[in-house]
Amino acid sequence: MLYLQKGNFQKVVRWLGGSWMTANQATILGMVFVFLVALSLFLGLRFEACRWMLVFTPVFLVLRMAMNALDGMLAREYQTGSVAGELCNEALDVIGDTICYGVLLFVPQLPDMPVFIFIVLIWMAEYFGVLGKSLPGGVRRHETFFGGKPDRAIWIGAFALLCYIFPGFIEYGGIYISIVCCFVLMTSLVRIKKTLKVAEGKKYESYTWIGR
């Protein structure tokens, strides 16, 4: 749902890029914030002495989202967009989420299975999103059911804050992540449904790299 506000979000963060930032610099900064998210989340949850770092997790997540919005925006503005850039953008989205949230697998207080399923569902949601572009209708699906990339950032940012304010909340981390998994799964289903709906009545042809 939050993705529908991407346009407004881009207007708010555009000033961050000023006239000096390029799309590639925004992408690199986005990856820097990916590692800062992972670091603050892991250390804050893993070690009591570092719990204060959880306060910064939502901040780094927002800045990652800002850089993610800016790279595409700057590429279009300066007409530097390319096929390679789009491939890189899609790949880094998935890799970034995997790094950001994959660190939860190394937090002993959290059960592995919900986190593992969460990661797999993220890959699935992004896969169906990208797949929509290659099927009749040709649109990258961004629809969500509270489980898109910005939504996931909100959920995990809120989880970090809750664990900072109420240290015992981490005991409910498995349940919390399981609920988020449901939203991410629903997001995949929504994207599949939208892809099928847009393709209705349109000609479909299947090709491989050697032809039909």
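## Close-up views of a helical chain

**View 1. Met 73 counts as buried, because its relative accessibility is 19%.** Buried means under 20% relative accessible area, exposed over 50% and partly exposed in between, with a 1.4 Å probe and protein chains only. Please keep in mind that this is a predicted model, in which local features need pLDDT of at least 70, side-chain atom pairs count only at pLDDT 80 or more, and totals for chains, interfaces and linings use all residues. Residues are numbered from 1 along each chain as its sequence is written, and side-chain values use heavy atoms, with hydrogens and water left out.

**View 2. Met 73 sits in helix H3, which covers residues 56-77.** Helices (H or I, at least four residues) and strands (E, at least two) are DSSP runs, numbered from the N terminus. Once neighbours within four places in sequence are set aside, Met 73 is in contact with Gln 10 and Arg 14; contact means heavy atoms within 4.5 Å. Now look for Ala 23: this residue is 50 residues from Met 73 along the chain, yet their C-alpha atoms are separated by 7.7 Å.

**View 3. Stepping back, the chain shows 7 helices and 0 strands.** The chain is as compact as a globular protein of 212 residues, because its radius of gyration is 18 Å, close to the 17 Å from the globule rule. That radius is taken over C-alpha atoms, and the rule is 2.2 Å times the number of residues to the power 0.38. Of the 212 residues, 40% are buried. Among contacts with a separation of 6 or more, 78% come from residues 24 or more positions apart.
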